[in-house]
Amino acid sequence: MTNAERQSRLQNKLMQYQQRLDSGDEQDVLIEGRLTRMVGLTLEAVGFQVPIGSRCEIIGKGQKPIEAEVVGFSGETTFLMPTGDMRGLVPNAKVRPVRSDSQVPVGEAMLGRVVDGAGKPLDGKGPLRVQDKVPLHGEPVNPLARSPVRQHLDVGVQSINALLSVGRGQRMGLFAGSGVGKSVLLGMMTRFTEADVIVVGLIGERGREVKEFIEDILGEEGMSRSVVVASPADHSPLMRLHGAMLSTSIAEYFRDQGKQVLLLMDSLTRFAQAQREIALAIGEPPATKGYPPSVFSLLPQLVERAGNGPLNGGAITAIYTVLTEGDDQQDPVADAARAILDGHIVLSRQLAESGHYPAIDVEASISRVMPNIVSEDHLKQAQQFKQIYSTYRQNQDLISVGAYSKGSDPAIDESIAMFPALLQLLRQGMNEAVNWEQSDQRLKQVLELRKQLQNQQQQNVSQAPMLMDGNTRRF
């Protein structure tokens, strides 16, 4: 074959490819790029153009394809982040885009199952037989289409029911450092809360905690109405990110069916740290204590997906744990979460070290929807309880060392007399369930004790001896 013939055949092939591309029919066109650089967790490739969020397969010599996701680009260079192990990659490996619509399979068959961040089963019970699909990143909800939070939710913990009441469709934060009983309290709320479906997202935590949470906390009965999405700390940051999003997508699916869903995510901090790893790897500059701006824009995108659906529909009541490193309540993630959530429950290390469980600091905690879901009398009683408790805590050092003299301040005297009753309401065994009605009744009993003490004080004053000095009475 002459050079002229070869050139003619090559031109004909190029014309055919050009016609297929111009026609928009890309189904049979195989586009491949090549891997040019690898730095840390970031892969750089050239030779193709695909949108952010697309999936690709990286094919090395004799290696199983490695899946990656497009997370950024610069000029002709595309940045990818692997979803699994990167061992075996070689320079100039083929990078082949895989068509993906960012849909995840969901369905009733997921109840009782454990999956990873990609929705693949981890429990060895076979494949998921589900037909429906929902977007991984969710769809924005018109805020005016949501029904307001008007109904309380019984979480089975008397101090929360009575003093920090949670409503159906509320988003609460559980703020705690390490080792102060966060997992225990989360487990209590998982077992005792009234919900049709429980979705648990274990994001970035220790791998051993996954099985412990399933066996020791959920148990066989709780697991039957639960879906667990586990993406522990040894998974890639992209899979940890997807684990949180998948948990929310599953909760949205059941909410749209009119069910009451309890979404527990442990933890929101690990989700933010996963996004920080990705953002820093592709060159985004750090802003606040090493966190780039994309972290603080992604947090509300995730949290706002929870909440109530349309009027008379289902609801997602979400509990997000937030790790406060070094018990610093001004940690950037904690501060951002506090601003976008509907309330926060703070656990105190000082209380935990004194054997007080659950170690809820009621002074630092608040439920922003409580005035809308409880009666006016209940709200007043909760405020009175907090005032008495706060009075004692503020003067506890003086009381402990004996520097306070009884009778110096009636409010302090009252708090000292009532403190044992206050502790009874704030403490609870991890296997003890206290429903809403019992919590309300115990709060009333504590305030009844206050009335008895006030009546007794008035009687003592009225019976005090009076010395008469002419027309003047002196006590």
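Entry 1. I looked up which elements line the largest pocket. Strand E3 (55–59), strand E4 (66–74), strand E7 (103–106), helix H5 (237–255), helix H6 (268–281) and helix H7 (293–303) each supply at least two residues of that lining. Helices (H or I, at least four residues) and strands (E, at least two) are DSSP runs, numbered from the N terminus.

The model is predicted: local features need pLDDT of at least 70 and side-chain atom pairs pLDDT 80 or more, while totals for chains, interfaces and linings use all residues. Residues are numbered from 1 along each chain as its sequence is written, and side-chain values use heavy atoms, without hydrogens and water.

I noted the terms. On a 1 Å grid over the protein atoms alone, a cavity is a set of points where a 1.4 Å probe fits but cannot get out; a pocket is an open set with protein on both sides within 12 Å along at least five of seven lines; lining residues have an atom within 4 Å of a point. Points join across faces, edges and corners, and a volume is the space filled by probe spheres set on them.

Entry 2. I read off about 1100 Å³ for the largest pocket. Its lining has 42 residues, and Arg55, Glu67, Glu69, Thr83 and His242 are the closest to its centre. I sorted the lining into 18 nonpolar, 12 polar and 12 charged residues (nonpolar: Ala, Val, Leu, Ile, Met, Phe, Trp, Tyr, Cys and Pro; charged: Asp, Glu, Lys and Arg; polar: the others, Gly among them).

Entry 3. I turned to the second largest pocket, with about 570 Å³ of space. Of its 31 lining residues, Lys182, Ser183, Glu205, Arg206 and Glu209 lie nearest the centre. Helix H3 (182–192) and helix H4 (208–223) each supply at least two lining residues, and H3 gives the most, with 6. By class I found 10 nonpolar, 9 polar and 12 charged residues.

Entry 4. I found 1 cavity of 30 Å³ or more. The largest cavity holds about 40 Å³ of space. Leu153, Arg168, Glu194, Ala195, Gln260, Val261, Leu262 and Thr317 line the largest cavity. Strand E15 (residues 260–266) gives the most to this lining, with 3 residues. The lining comprises 4 nonpolar, 2 polar and 2 charged residues.

Entry 5. I checked which residues of H13 (residues 410–426) are buried (under 20% relative accessible area, with a 1.4 Å probe and protein chains only). Among them are Ile412, Glu414, Ser415, Met418 and Phe419.

Conventions:
The expected span of a helix is 1.5 Å times one less than its number of residues. Buried means under 20% relative accessible area, exposed over 50%, partly exposed in between (1.4 Å probe, protein chains only).
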